[in-house]
Structures are given as C-alpha cells and as structure tokens.
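Biologist: I've got the model open and would like to go through it piece by piece. Can you take my questions as they come?

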Amino acid sequence: MKSICEIYKIGNGPSSSHTMGPQKAALFVKNKFMGADEFKVILYGSLAFTGKGHLTDIAISRALEPLKSTIIYDTVTPCTIHPNTMDFIAYKEGKIVGNQRVYSIGGGEIRIEGEIQNITPEIYPHNSFGEIAEYCKKNDLTLPKYIEKFEKPDYKKYLSEVWDAMEAAIREGLSKSGDLPGPLKIRRNARNLYYKRILNEAAEITEDRLVCAYAYAVAETNASSGTIVTAPTCGSSGVLPAVLKYSKTRNHLTKKEIIDALAVAGLIGTIIKTNASISGADCGCQAEIGSACAMAAAAAATIENLGIDQTEYAAEIALEHHLGLTCDPVMGIVQIPCIERNAVAAMRAINAKILASLLIGSRKISLDMVIKTMYETGKDINIGYRETGNSGLAKLYK
Ligand code: SF4
C-alpha cells in the first residue's frame with residue numbers, strides 16, 4: 001500500500017476528480033507538447049456531464065494559458081476504461097502535432113495512457129485492515145505506531161501542513177457571508193451556524209452546531225474554489241476537519257494528537273482507495289462521503305484512545321451506513337446535496353465512534369468486508385447516479 005500522505009492533497013476545489021485531476025492533466029500535456037500553440041480538449045463520461053458545473057473547463061483553460069484551448073463535452077461516446085476520461089489534442093499552426101488520453105481517477109490523481117510515470121512506491125507491507133490489525137496485535141503496536149514504522153520519514157511534517165490548511169479552510173468559510181458562486185444562489189450557512197451556536201444555551205445543540213458549522217465552512221470554501229484538503233476528495237473535504245476541529249476545541253488536543261488522528265484517518269482512506277474507490281464517478285457518493293465518514297470516525301476513535309478493534313468498528317459503522325449512497329449533484333455543481341452531506345457525515349462519524357465504544361465485542365462485519373461491499377455496490381449503481389448530474393435530485397430539481 002502507498003503512503004497515507006497521497007490521500008491528502010492541498011489544492012483548490014470544487015472537485016478533486018473534475019478540477020484538480022484535469023488541471024494536473026493539462027499541465028502535463030502543456031509540458032509534453034511544448035511546441036503546440038493550441039489545444040482541443042474532449043471530455044467524456046462524468047467529466048462531460050458535470051464538467052461545466054464542476055468548473056472543469058476553467059481549471060483546464062487556466063492550466064493551458066496563455067495557449068488557446070477549446071473544450072468539447074462529448075456525452076455520447078461511452079467510457080470503457082474510466083468514467084472520467086479526457087483527450088488532449090495539440091495543434092501547431094492548425095496542424096495536429098500530438099494527442100494524449102488521460103483519466104482522472106479520483107482524489108486529484110490522474111493516469112496517463114501509455115506513460116509509465118507518477119508510480120509512487122508501495123511502502124506498507126499490508127493492503128487490508130485485517131492484515132494490519134493482525135500485524136499490530138502480534139507486534140504490540142497501536143495504529144499510529146504502525147504508521148510511524150512504515151511511513152516515509154517526513155510524513156508528520158506534511159500532516160502538520162495538512163492540518164494548517166484544514167484549519168485555514170474552516171477560518172475562511174466562517175468568515176464569509178452572502179451567496180455561494182454559481183446559478184443556484186445558495187446562501188452560505190457556516191457563519192450563521194457558528195454564531196447561532198454561541199447564542200444557544202442548550203449544550204448538546206451547541207455541540208452539534210459546532211461540528212456542522214465547521215463542516216459547512218470547509219464545504220463552502222470548496223464550493224467557492226478556495227483552498228482545501230482532499231479527505232479523501234474535494235466534495236467530501238469538510239467531514240474530517242469538522243470532526244478534528246470539534247474534538248480539538250472540546251478536548252484541547254495537542255498538534256501531535258491531531259497528527260496521529262490524521263494519520264489513522266489517512267490509513268483508512270488509503271485502505272479504501274487501494275481495495276475499492278474514493279471516486280463519486282466510479283462508485284457514487286458512498287465512495288466519497290462514506291469514505292470521509294469512515295476516516296473521520298477512525299480519527300475520533302484515535303483521539304479517544306480506543307483500541308484497534310474499536311477503531312475498526314467505528315470506521316466500519318460509518319461506511320456501512322453510507323452503502324448505496326448515490327451521487328446526484330444538482331446542475332452538476334458541488335453544492336446540493338454535497339455541502340449539507342458533509343455536515344450530516346461529520347455528525348454520523350462522531351455517533352459511529354460512540355456506538356463502537358459502547359458495543360465492542362458484538363460486531364459480525366469487518367471493515368474489509370464493508371469496503372468490498374461498497375465497491376461492488378458502486379459498480380451496480382446505475383451510471384446516472386455516479387456523478388453525471390442526470391439522475392436523482394439533479395433530474396427533479398427545477
Ligand atoms: S454528491 Fe457526493 S460524490 Fe457527488 S459531487 Fe457531491 S459530494 Fe461528491
């Protein structure tokens with residue numbers, strides 16, 4: 001399994017697969033075809049259906065600047081290899097000088113057809129939670145200690161930057177008011193939730209509101225193309241920071257404790273990415289928000305010093321109860337249902353952790369089993385519900 005750091009990418013929203021990935025692809029082809037003076041870019045599958053709403057065209061055009069680019073949305077040609085496929089055709093003085101197919105495979109990562117590059121090394125000897133848990137128990141290791149044993153030397157420094165970026169995204173979201181950019185004219189809610197919480201005297205409502213305010217803050221920062229951290233994607237980037245910030249405020253956590261929690265969350269996200277998918281276009285929203293919720297539940301369990309079995313149980317509950325969740329962003333924009341969904345998942349992660357701490361010893365389902373189920377369910381979900389913006393809420397919304 002690869003480094004847990006790969007799951008966390010600091011960059012601009014609103015979508016890891018629809019803006020970060022295509023932007024990276026555009027920079028790659030610009031560099032590959034240096035003599036070109038113009039590009040035609042054909043988007044297929046989910047990129048074609050929701051590319052406009054996700055600002056894919058802007059991300060690509062900006063990356064190719066100052067060269068001219070024309071974006072074509074091909075919603076007819078089926079994608080046989082990956083639902084997020086792009087063709088870049090390079091021109092010089094009107095003649096084709098090269099072309100390149102690229103797949104945006106989720107979490108901001110790309111696969112370049114015909115190129116053996118960007119292959120980062122596998123640094124963990126295990127690929128499933130079951131194997132990791134067995135190894136830890138045999139060697140008397142906690143999950144943070146297991147990560148420390150196999151991770152690259154500078155991972156704590158990187159996770160520290162990740163946390164700084166997450167907190168900055170929360171601050172930015174809480175500082176803004178008015179409407180979010182885009183035709184839906186959605187009012188920003190983070191600030192409202194945050195300040196109404198302070199006025200409210202009922203402690204339990206106050207706590208719920210705090211988690212939601214943080215989740216909204218990051219999701220709204222993402223929706224306005226601000227800087228966020230994929231956890232594991234842009235669309236689901238509010239869940240983990242909300243749970244961590246809430247825990248930090250409540251438990252006065254040190255940065256070391258936050259980094260341990262981020263590391264364990266990253267381990268869960270990496271196991272899901274290795275064995276299933278973290279892409280909404282691939283497996284629906286269960287792969288994005290469900291994975292984010294599992295990561296956040298494991299982080300919450302780590303903060304509470306729960307053992308390996310309880311941490312697994314918390315992540316398993318969080319993912320299991322997102323199984324089947326479809327991706328149907330209204331107008332193809334990462335706002336409805338995405339923003340609210342981050343807040344719901346953040347609360348669910350905390351509840352999953354509580355349930356896991358109370359019911360340990362009674363579970364029958366492993367995290368690995370749920371991850372496999374999530375992948376198989378994702379492949380069975382009708383294609384319209386996998387980030388096409390053509391089904392569900394996206395179809396009915398007027
Ligand atoms: S519905 Fe879920 S998977 Fe789809 S764009 Fe929104 S957050 Fe991402």
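This is a predicted model: local features need pLDDT of at least 70, side-chain atom pairs count only at pLDDT 80 or more; totals for chains, interfaces and linings use all residues.

Biologist: At what angle does helix α3 run to β3?

Modeller: Residue numbers start from 1 along each chain as its sequence is written. Helices (H or I, at least four residues) and strands (E, at least two) are DSSP runs numbered from the N terminus, and angles run from 0 to 180 degrees between N-to-C directions, with axes fitted to C-alpha atoms, for helices over the stretch in contact. Helix α3 covers residues 56–64 and lies across β2 and β3, and its angle to β3 is about 155 degrees.

Biologist: Which strands sit at the edges of the sheet?

Modeller: The sheet is open and mixed, with 5 strands in the order β3-β2-β4-β5-β6. Two strands pair if DSSP finds at least two bridges between them. The strands that pair on one side only are β3 (68–74) and β6 (109–112).

Biologist: Which residue in β6 stands opposite Val102?

Modeller: Strand β5 spans 95–106 and runs antiparallel to β6, with 4 bridges between them. Across from Val102 you'll find Ile112.

Biologist: What angle does the direction of helix α1 make with that of β5?

Modeller: Helix α1 (residues 16–32) packs on the sheet and touches β2 (38–44), β4 (84–92), β5 and β6. Contact here takes two C-beta atoms, placed from the backbone, within 7 Å. Between the directions of α1 and β5 the angle is about 150 degrees.

Biologist: Which element gives the most to the side of domain 1 that touches domain 2?

Modeller: The domain assignment, which is of the automatic or database kind, gives domain 1 as 4–112 and domain 2 as 129–396. Across the boundary, 28 residues of domain 1 contact 41 of domain 2. On the domain 1 side, β1 (10–12), α1, α2 (45–50) and β5 each supply at least two residues. The top contributor, with 4 residues, is α2.

Biologist: How many charged residues are on that side of domain 1?

Modeller: Ala, Val, Leu, Ile, Met, Phe, Trp, Tyr, Cys and Pro count as nonpolar, Asp, Glu, Lys and Arg as charged, and the others, Gly among them, as polar. By that scheme the side has 11 nonpolar and 15 polar residues, and the charged ones number 2.

Biologist: Which element supplies the largest share of the shell around the ligand?

Modeller: The shell holds 13 residues, with Gly235, Gly280, Cys285, Cys327 and Cys338 the closest; a residue is near if its C-beta atom, placed from the backbone, lies within 6 Å. Two elements give two or more residues, α12 (285–303) and α14 (338–359). The largest share, 3 residues, comes from α12.

Biologist: At roughly what angle do the axes of α10 and α12 cross?

Modeller: Residues of α10 that meet α12 include Ala261, Val264 and Ile268, and the contact has 12 nonpolar, 3 polar and 2 charged residues. The axes of α10 (residues 255–275) and α12 come within 8 Å, crossing at roughly 145 degrees.
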